[in-house]
Amino acid sequence: MKKLLLSLLLAGFALSAKAQPVADNTFFWSLNAGAALYQHSGETQFSVPAGGLSVGWWLMRPLAFRVAADVAMAPSALQANSSTSALYLMGSAEFMWDVNATFFHVYNKNFLFPCPVYPLIGLGLLYRPELTINGETHGADNDFQAMLGFNMPVRFAPLWDAFLEYKCFFLPQGFDGSRGDNFMHTITLGLTHRWTDDPFHRRTKFESRSTNDDWFIGFGMGASFSSFEFEYVGNFDARLYNFTPELMIGRNYSEVWTIRFELSGFLARERAHMEPEVSDDGATVTDVLHPGHWYTFNCLHTDFMINLTHLFNFRRGVKWNFLPYLGAGPVWRYQDHPRFDVAADAGFMARRYINNMGDLYIDLKYIMVPPRVAGEAGPSGSIFGVGYPMLTFGYIHNFGHSTTRYRMPVNSSIN
């Protein structure tokens, strides 16, 4: 699964390079340093240092992608009675949103106007090395993390920004020996170097023109599988197949880029186990498969989608759109053993144009969750092996003008 996700990420980067020319003038890098605030087990501790390094590029005028590495030194939940600190490493894939470029006219002023910040959203991995406390060794801990934050830049030279950056890393419950909610806040100052002062001088030909256009909602249903490294995938006695509905809202920002928010999930089961049972006469021992317990869950994920149909050029009159995507978001479990955590997802959606207002779609996705959500890990114990493959069918309703997914042929009598 780890190799699959890495392959999907690399494929996404390659596609983005084709979809939006990645010239040198769209790149930037940032370096920052500051302090951390670690909240765990009902306690809050301030510590230094914290810092980070990121590299990225602007995919289109309102949206940038970057890869970030962050580090913080803070007392662990396991070090409550110690004066020492632990090292925390966070690696993230992040998106940065230029609000002004989306809703307002953009001018190259020193301060962003009227919205002075870039909101940030990210997902990645978290690692705390092995600890030795009072002669006792505690093993390393690793898991998923999600991030929300903002970057506040101030331009002081044509290619340089100084910035204040805040990030809130949402850490899994139980990570690092903590109890309850678990957050790592970093507040840093830094520098950004851009390859050009204005990488996108104007909107592309098939970029959405108005903030009221190219929005859509959708709903669907289908089947999901509670996967523990796809154990018992062909055995229906494990009862791992379940009904799943979904609800989405999103926008086509251009003929290539689409962003959607989707609520997925409903029913799932914990891992099934094969257990020996002795016959009534005690003569034979038979392995019997016992299904896991039912539970309900939801995942609210943000998906970044690439339209392969119009990847190299926009073609009028084409009714099928094929969109691979990557995403992430919070996942929560109800009923027994309630949890709130972070999930990652990847998938492929096909949309079939019906008319100016509607599409039919089929969506195949895999939502990967920490084993803590599903109750336990799979046979290998890997944190990457637990998730929910889903196959759904549904309907999409488009609002306003739909200028980026379909246009009538030039020789048509309808514009």
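Leaving aside neighbours within four places in sequence, which residues is Met184 in contact with?

## Surroundings of Met184

In this predicted model, Met184 is in contact with Ala36, Leu37, Tyr38, Ala72, Ala74, Tyr88, Met90, Lys167, Cys168, Phe169 and Leu171, once its neighbours within four places in sequence are set aside. Contact here means heavy atoms within 4.5 Å.

## Basis of the model

Residues are numbered from 1 along each chain as its sequence is written, and side-chain values use heavy atoms, with hydrogens and water left out. Because the model is predicted, local features need pLDDT of at least 70 and side-chain atom pairs count only at pLDDT 80 or more, while totals for chains, interfaces and linings use all residues.

## Overall architecture

The chain contains three helices and 22 strands. These are DSSP runs numbered from the N terminus: helices are H or I with at least four residues, and strands are E with at least two. Of the 415 residues, 49% count as buried, that is, under 20% relative accessible area with a 1.4 Å probe, protein chains only.

Among contacts between residues at least 6 apart in sequence, 66% join residues at least 24 apart. The chain exposes about 19800 Å², and carbon and sulfur atoms supply 63% of this area; the areas come from the Shrake-Rupley method with a 1.4 Å probe.

## Nonpolar cores

A nonpolar core is a set of buried Ala, Val, Leu, Ile, Met, Phe, Trp, Tyr and Cys residues joined through side-chain atoms within 4.5 Å. The largest has 22 residues, and those with the most contacts inside it are Tyr38, Tyr88, Met96, Leu171 and Met184. At least two residues of this core come from each of β1 (27-40), β2 (43-60), β3 (63-74), β4 (86-97), β5 (118-128) and β6 (131-133). The most are given by β4, with four residues.

A second, separate core has 14 residues, including Tyr295, Ala343, Val369 and Tyr388.

## Strand pairing

Two strands pair if DSSP finds at least two bridges between them. Strand β18 (residues 294-306) pairs with strand β19 (residues 320-333) in the antiparallel sense over seven bridges; Cys299 has Val331 in β19 as its bridge partner.

Strand β19 also pairs with β20 (residues 339-353), in the antiparallel sense and over 14 bridges. Gly329 stands opposite Ala343 in β20. These two strands, β19 and β20, form a hairpin with five residues between them, and Gln335 in the turn has a positive phi of about 60 degrees.

## Cysteines

The structure holds zero disulfides, a disulfide being a pair of cysteine sulfur atoms within 2.5 Å. Cys168 is buried, with a relative accessible area of 8%, and Cys299 is also buried, at 1% relative accessibility.

Definitions and conventions. Buried < 20%, exposed > 50% of the residue type's maximum accessible area, 1.4 Å probe, protein only.
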